[in-house]
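Trainee: I have not looked at this structure before. Could we go through it by question and answer?

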Amino acid sequence: MKIVGIGIENFQGAANVDLTLSAPLAIIAGHNGAGKSSVAEAIELALRGEPVRVSLKKHYDQMVTEGAALGAIEV
């Protein structure tokens, strides 16, 4: 499977991510709190169907960015 795009809206620390991937490798970098781990967990959740980083986050409503009505992940 090849991931060609990632779209994330209001998932944990990633408020709005829209990436088009054309290379076989992607590196996501940023300052602490920028949402890097949120992007990785969103991809894993979309592909596996379950969160794994923190057991408390198995409550899906707690994964939506605080103050947002809903969140979405598209891979």
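Trainee: Leaving aside its neighbours within four places in sequence, which residues is I8 in contact with?

Mentor: This is a predicted model, in which local features need pLDDT of at least 70, side-chain atom pairs count only at pLDDT 80 or more, and totals for chains, interfaces and linings use all residues. Residues are numbered from 1 along each chain as its sequence is written, and side-chain values use heavy atoms, with hydrogens and water left out. Contact means heavy atoms within 4.5 Å. With neighbours within four places set aside, the contacts of I8 are A14, A15, N16, V17, V39, A42 and A72.

Trainee: Is I8 buried or exposed?

Mentor: I8 sits in strand 1; helices (H or I, at least four residues) and strands (E, at least two) are DSSP runs, numbered from the N terminus. Buried means under 20% relative accessible area, exposed over 50%, and partly exposed in between (1.4 Å probe, protein chains only). The relative accessibility of I8 is 2%, so I8 counts as buried.

Trainee: What is the strand order in the open sheet?

Mentor: Two strands pair if DSSP finds at least two bridges between them. Strand 1 (residues 5-11) is joined to strand 2 by six bridges, and strand 1 is joined to strand 3 by three bridges. The pairing is antiparallel, and the order of the three strands is 2-1-3.

Trainee: Why is one side of strand 2 and of strand 3 left without a neighbour in the sheet?

Mentor: The open sheet has the order 2-1-3. Strand 2 (14-20) and strand 3 (72-74) stand at its edges, so one side of each lacks a neighbour in the sheet, because each has a single partner strand.

Trainee: Which residue in strand 2 is the bridge partner of G5, and which residue in strand 3 does E9 stand opposite?

Mentor: Strand 1 runs antiparallel to strand 2, and the partner of G5 there is T20. Strand 1 also runs antiparallel to strand 3, where E9 stands opposite A72.

Trainee: What angle does the direction of helix 1 make with that of strand 1?

Mentor: Helix 1 (residues 36-48) packs on the sheet and touches strand 1, strand 2 and strand 3. Axes are lines fitted to C-alpha atoms, for helices over the stretch in contact, and angles run from 0 to 180 degrees between N-to-C directions. The angle between helix 1 and strand 1 is about 110 degrees.

Trainee: What phi does Q12 have, in the turn of the hairpin?

Mentor: Strand 1 and strand 2 form a hairpin with two residues between them. Most residues other than glycine have a negative phi, and most peptide bonds are trans. Q12 is not a glycine, yet its phi is positive, at about 50 degrees.

Trainee: What phi does N10 have, although it is not a glycine?

Mentor: N10 is found in strand 1. N10 is buried, with a relative accessible area of 17%. Its phi is positive, at about 55 degrees.

Trainee: Is E44 buried or partly exposed?

Mentor: E44 has its place in helix 1. Its C-alpha atom and that of A23, 21 residues apart along the chain, are separated by 19 Å. At 28% relative accessibility, E44 counts as partly exposed.
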